[in-house]
Amino acid sequence: NTGGGTHLALYTYDDPGILSSEKKNGPQTGGYTVTLTGSSFGGSAPSGFTITVGTSACSAQQWISDSSLECTLPQGFGKVDVTAVLLQGQTVCTGNAGKCIATHVDGFVYDGPNPLALDGSMNGPSSGFQTITVTGTLLGQSDPGSALFAKVGATRCNQTSWVSPTSLTCVMHPG
């Protein structure tokens, strides 16, 4: 057959890539906008896309160009990945089952805790299990669960509990 024909889905596009963020760190409260630079975000605004920072979606996001996206950061804690999932309609990326996914591993760091004082007995029996309260700033906007730990000197607490953005409790190990 010498007639013309169409071969659909023979052409794929490069997967997008996030190269950097204009800000590398910021407050745990989120709420500020950062620009992500990279490649293959699409020649026009995708029909739908999501950007997550850690496990939380940006509260607002905007496609700027093929090499630039904006994200209003959610609140968060610690060092996190930044991921964009682009739903490009007819565009098919080479990996991820046709989804266009870009991840910048450890792409953003929320400002870390700043312990200021220890309250409680700084001396106790070797049987341990005394509770000390750590007060400070940037101790998290909510309980991060098992990701939370504290040390008093070089000794890791037997149990650390988040109380508020300015307070943690530490149950000391037996010594």
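The legends below accompany close-up views of a predicted model of one protein chain.

View 1. Among the contacts in the chain with a separation of 6 or more, 59% are accounted for by residues 24 or more positions apart.

**View 2. The largest nonpolar core holds 21 residues.** Ile 51, Leu 69 and Leu 73 are the members that touch the most other members of this core. Two or more residues each are given to this core by strand 3 (33-39), strand 4 (48-53), strand 7 (68-72), strand 8 (79-87) and strand 9 (100-110). Apart from this core lies another one, of six residues, which include Ala 150, Val 152, Cys 157 and Met 172.

**View 3. Leu 73 and the residues it touches are shown at close range.** When residues up to four places away in sequence are not counted, Leu 73 touches Gly 30, Gly 31, Tyr 32 and Val 34, and also Val 53, Ser 59, Phe 108 and Tyr 110. Three of the residues named here, Tyr 32, Phe 108 and Tyr 110, return in the next view, where they form one aromatic cluster.

**View 4. Tyr 32, Phe 108 and Tyr 110 form one aromatic cluster.** A search of the whole structure finds two aromatic pairs. In the pair formed by Tyr 32 and Phe 108, the distance is 6.4 Å centre to centre and the angle between the planes is 45°, an arrangement that is tilted. This pair links distant parts of the chain, since Tyr 32 lies in the loop between strand 2 (25-26) and strand 3 whereas Phe 108 lies in strand 9, 76 residues apart. The rings of Phe 108 and Tyr 110 have centres 5.1 Å apart and planes at 75°, so this pair is edge-to-face, the cut-off for that class being over 60 degrees. Tyr 32 and Phe 108 are buried, and Tyr 110 is buried as well.

**View 5. Four strands form an open antiparallel sheet in the order 1-3-7-6.** The edges of the sheet are strand 1 (17-21) and strand 6 (60-65), each of which pairs on one side only. On average, and with direction ignored, neighbouring strands of the sheet are turned by 30° against each other. Within the sheet, strand 3 and strand 7 pair in the antiparallel sense over five bridges, and Thr 33 has Thr 72 of strand 7 as its bridge partner. In general, strands of a sheet pair through backbone hydrogen bonds, either parallel or antiparallel.

**View 6. Ser 68 is a buried residue of strand 7.** The relative accessibility of Ser 68 is 11%, and this residue therefore counts as buried, the limit being under 20%. With its neighbours within four places in sequence left aside, Ser 68 is in contact with Thr 35, Leu 36, Phe 41 and Trp 63.

**View 7. Strand 15 (residues 167-171) is mostly covered, and five of its five residues are buried.** Ser 167, Thr 169 and Val 171 point one way from the strand, while Leu 168 and Cys 170 point the other way, and all of these residues are buried. Strand 11 (residues 131-137) runs antiparallel to strand 15 and is joined to it by five bridges, with Val 134 standing opposite Leu 168. Strand 14 (residues 159-164) is likewise antiparallel to strand 15 and joined to it by five bridges, and here Ser 161 stands opposite Thr 169. Strand 14 and strand 15 form a hairpin with two residues between them.

**View 8. Asp 143 lies in the loop between strand 11 and strand 12 (151-152).** Asp 143 is partly exposed, with a relative accessible area of 48%. The C-alpha atoms of Asp 143 and Val 163 are separated by 7.7 Å, although the two residues are 20 residues apart along the chain.

Technical notes. Residues numbered from 1 in each chain as written. Predicted model: local features only at pLDDT ≥ 70, side-chain atom pairs only at ≥ 80, totals over all residues. Heavy atoms only, no water. Contact = heavy atoms within 4.5 Å. Core = buried A, V, L, I, M, F, W, Y, C linked by side-chain atoms within 4.5 Å. Buried < 20%, exposed > 50% of the residue type's maximum accessible area, 1.4 Å probe, protein only. Pairing = 2+ DSSP bridges. Axes fitted to C-alpha atoms, helices over the stretch in contact; angles between N-to-C directions. Phe/Tyr/Trp six-rings, centres within 6.5 Å; stacked < 30°, edge-to-face > 60°.
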